[in-house]
Each structure stands twice: as structure tokens, then as C-alpha cells.
Amino acid sequence: MSDYFIHESSYVDDDVVIGSGTKVWHFCHIQRGARLGENCSLGQNVNIGNNVRIGNGVRIQNNVSVYEGVEIEDNVFCGPSCVFTNVTTPRAHFPVHGVYARTLIKEGASLGANSTVVCGHTVGRSALVAAGAVVTRDVPDYALMAGVPARRIGWVCECGKRLGDSLQCDCGRHYHLTPEGSLVQENS
């Protein structure tokens, strides 16, 4: 008996590793070589591409395809119908044959519904990408990104709340800006 759940309507190819406590719901496909961590949840109609790496505690909502070249670290939230790409200049008559741009979604980041992450970029730790935003460049840790193309419109706490000018959250976490303009969590 397995220690994860796969709905009977889903397909899991050979050479796939699925962590304990992970749930794969209706009409999903997990392709060859994929590695899913523990306690993940894949909603309806999720496709996990060949050789994709997904960390622990990841939530992927309905209608998301995570293509080869994308890596998702622990505790990431991928909202409904968010989009990943993996080829910078796609052409039907010039296939890339397995050469994909790397995209990294760092620990604790959240991608809103219908957001798009163009390949070759990193979404920073605990960043929040708003619904419908299109990420066309790297996203800093704790950044709140919105728009097309996505621009930083503020900062968010690790807990997800928007930070005010004091960079202190109601949850007790405190942050400061570095001289380079990065946000760093202070030790409590």
C-alpha cells in the first residue's frame, strides 16, 4: 500500500518518485523522471513534465502545467491556471529537443491565478506574484509583483501579509532593506 494518493483518473509514468502524504487529484499526468516531495497537493488537470523537481508541501491548483526545466522548492503555492514556459523562442518547425531554459521558484513563493512566469527567471523566496501578472525578469525575495510585465509594487512578509513602510509585520517578523535594495528578514 502506498503512502500517497493518486486518483484513478490520473496517469503516472515510469521512473516517478512521489513523496509520502502527497495527493494527486483528477485527470493529472506525472511524466517520466518527475520527483514530487512529501505532502504536496496537485489539483485537477495538473501536468508535471519530464524530470521536473517539486519540493515538499507544494500546492499546485487546477489546470497548471509544470514543464521540464522548471524547479519548484518547498512550500510554494501555484494558483489556478498559472503558466510556466520553458523555451525562450518557441517555433513549431524548429523544436529544441530537450534544451530548456531553467526556471526556479524558491521556497515559500506564491503565484496567483492566471499568472505567467516566462522561462529563464527565478521567483525569490516568499515572493508573491499577483493574479494575472506576467513575470519577465527575476523576482527578489519577499517582493510583491503585479502587472504586465510584472513590477514590484511592495514587499510581503513570509506569512504573506503586505508590509508597510516600517517593514514590520503584525505576525512579529521584521525586515530591512540592504544597500543593494534587497529585503532581508531580521533575526528575532
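Modeller: Let's start with Phe5, which is partly exposed at a relative accessible area of 33%. (Buried means under 20% relative accessible area, exposed means over 50%, and partly exposed is in between, using a 1.4 Å probe and protein chains only.) Before we go on, a word of caution: this is a predicted model, where local features need pLDDT of at least 70 and side-chain atom pairs count only at pLDDT 80 or more, while totals for chains, interfaces and linings use all residues. Residues are numbered from 1 along each chain as its sequence is written, and side-chain values use heavy atoms, with hydrogens and water left out.

Trp25 is partly exposed too, with 31% relative accessibility. Now for the rings: the structure has two aromatic pairs. Phe5 and Trp25 make a tilted one, with 4.9 Å centre to centre and 50° between the planes. (Rings of Phe, Tyr and Trp, taking the six-membered ring of Trp, pair if their centres lie within 6.5 Å; planes under 30 degrees apart are stacked, over 60 edge-to-face, and the rest tilted.) This pair links distant parts of the chain, 20 residues apart: Phe5 belongs to strand S1, and Trp25 to the loop between strand S4 (23-24) and strand S5 (29-30). (Helices, H or I with at least four residues, and strands, E with at least two, are DSSP runs numbered from the N terminus.)

Next, Tyr142 and Tyr175 form an edge-to-face pair, 5.0 Å centre to centre with 65° between the planes. Here too distant parts of the chain are linked, 33 residues apart: Tyr142 lies in the loop between strand S20 (134-135) and strand S21 (143-146), while Tyr175 is in strand S23 (residues 175-177). Both of these tyrosines, Tyr142 and Tyr175, are buried.

Back to S1, the strand that holds Phe5. (Two strands pair if DSSP finds at least two bridges between them.) In general, strands of a sheet pair through backbone hydrogen bonds, either parallel or antiparallel. For a parallel example, look at strand S7 (residues 41-42) and strand S10 (residues 59-60), joined by two bridges. There, Leu42 has Ile60 in S10 as its bridge partner.
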